[in-house]
Amino acid sequence: RVVNGVTYSLLDVPDSLAGATGTEYTNAPDSKFTYDTVEVAFHKRFGGKFFVQAAADYQWRNELRSADIPDVGSTSPLSTDPIGVFPQISVNPNAPNRQKTGGYGAQLSGRYNFKYDVGLAVNYRFQSGFPYSLVVPDGTVDLNVCNFNCAFFSQNLDQNRSEAVNLLNFRVDKSVPIGRFKASVMLDIYNLLNADPVTNFNLSVGAPRTVIAVLDPRVFQVGFRVEF
């Protein structure tokens with residue numbers, strides 16, 4: 001089959017067997033999912049005024065992914081990965097639904113307490129983008145097996161990755177004793193650098209790469225806290 005000038009060698013059932021059975025099954029074959037994660041972390045306090053902590057992780061994923069975005073994927077701006085994890089019939093042997101991918105992230109944070117109960121804290125987070133493939137949507141190609149679903153990946157997911165996210169957050173706070181109580185005022189700045197990587201976008205083959213969501217912009221927040 002040819003879609004947008006690209007030829008795909010797809011799996012199908014012969015016309016003579018099309019519609020031969022209407023049996024449905026709920027236990028998908030080869031449905032074992034494997035996740036292996038390595039994480040390292042460090043925490044250190046220097047005296048009573050300064051501490052720092054760091055962590056990093058990498059995860060290997062071996063799972064069934066679904067190219068059917070409307071049913072099990074997501075076009076929500078709140079989604080961190082629009083491609084669903086779900087059993088699906090594989091019609092493209094060159095990019096099957098069993099995919100091996102990986103993701104990684106890191107975090108570094110620290111806080112220092114100055115004189116007069118003034119505190120300064122910084123938090124930096126890095127998260128790799130999600131692996132993805134452009135999708136040939138259901139109904140684009142006429143296959144007998146499409147009695148079930150024939151949306152399929154155009155290539156393996158490990159060939160592409162969305163933009164990484166770099167997020168820097170900042171806090172300054174001041175505490176004041178009031179009798180038996182302790183009152184604090186806090187100023188938080190989220191996404192201090194105003195980073196704007198695209199976090200979700202249209203994955204359909206041939207469609208414009210329409211942006212669905214970007215990282216939330218810089219946000220300021222003032223808070224109050226009373227300890228008793």
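1. Basis. This is a predicted model, in which local features need pLDDT of at least 70 and side-chain atom pairs count only at pLDDT 80 or more, while totals for chains, interfaces and linings use all residues. Residues are numbered from 1 along each chain as its sequence is written, and side-chain values use heavy atoms, with hydrogens and water left out.

2. Overall make-up. The protein has 1 helix and 14 strands. Helices (H or I, at least four residues) and strands (E, at least two) are DSSP runs, numbered from the N terminus. Of the contacts with a separation of 6 or more, 65% are between residues 24 or more positions apart; a contact means heavy atoms within 4.5 Å.

3. Overall shape. The C-alpha atoms fill a box of roughly 85 × 35 × 30 Å along the principal axes. The radius of gyration is 25 Å, whereas a compact globule of 228 residues would have one near 17 Å. That radius is taken over C-alpha atoms, and the globule rule is 2.2 Å times the number of residues to the power 0.38. Buried residues make up 31% of the 228; buried means under 20% relative accessible area, exposed over 50%, and partly exposed in between (1.4 Å probe, protein chains only).

4. Strand β4 and its partners. Two strands are said to pair if DSSP finds at least two bridges between them. β3 (residues 34-46) pairs with β4 in the antiparallel sense over 13 bridges, and Phe 42 stands opposite Ala 54 in β4. β4 and β6 are also antiparallel, over 15 bridges. In β6, Ser 109 is the bridge partner of Gln 53, and Thr 101 is that of Arg 61.

5. β6 and β7 run antiparallel and are joined by 10 bridges, with Gln 127 in β7 as the bridge partner of Gly 105. β7 and β10 are likewise antiparallel, with 10 bridges, and Phe 126 stands opposite Asn 166 in β10. β10 then pairs with β11 in the antiparallel sense over 9 bridges. Arg 171 stands opposite Asp 188 in β11.

6. Hairpin turns. The hairpin of β3 and β4 has 3 residues between the strands, and Gly 47 there takes a positive phi near 65°. In the hairpin of β10 and β11, with 2 residues between the strands, Gly 179 has a positive phi near 60°. β6 and β7 form a hairpin with 3 residues between them, and Tyr 116 in the turn has a positive phi of about 65°.

7. Most residues other than glycine have a negative phi. Asp 117, in the loop between β6 and β7, has a positive phi near 55° and is partly exposed, at 41% relative accessible area. Asn 194 lies in the loop between β11 (181-190) and β12. Its phi is also positive, about 55°, and Asn 194 is partly exposed at 36%.

8. An exposed loop residue. Gln 159 sits in the loop between β9 (152-153) and β10. Gln 159 is exposed, with a relative accessible area of 52%. Its C-alpha atom is 9.6 Å from that of Thr 101, 58 residues apart along the chain.

9. The largest pocket. Its volume is about 890 Å³. The search uses a 1 Å grid over the protein atoms alone: a cavity is a set of points where a 1.4 Å probe fits but cannot get out, and a pocket is an open set with protein on both sides within 12 Å along at least five of seven lines; lining residues have an atom within 4 Å of a point. Grid points are joined across faces, edges and corners, and the volume is the space filled by probe spheres set on the points.

10. Pocket lining. Which residues lie nearest the centre of the largest pocket? They are Thr 80, Gln 127, Ser 128, Val 165 and Thr 199, out of 40 lining residues. Elements giving two or more residues to the lining include β4 (50-66), β6 (98-114), β7 (118-127) and β10 (165-178). β4 gives the most, with 7 residues. The lining divides into 16 nonpolar, 15 polar and 9 charged residues. Ala, Val, Leu, Ile, Met, Phe, Trp, Tyr, Cys and Pro count as nonpolar, Asp, Glu, Lys and Arg as charged, and the others, Gly among them, as polar.
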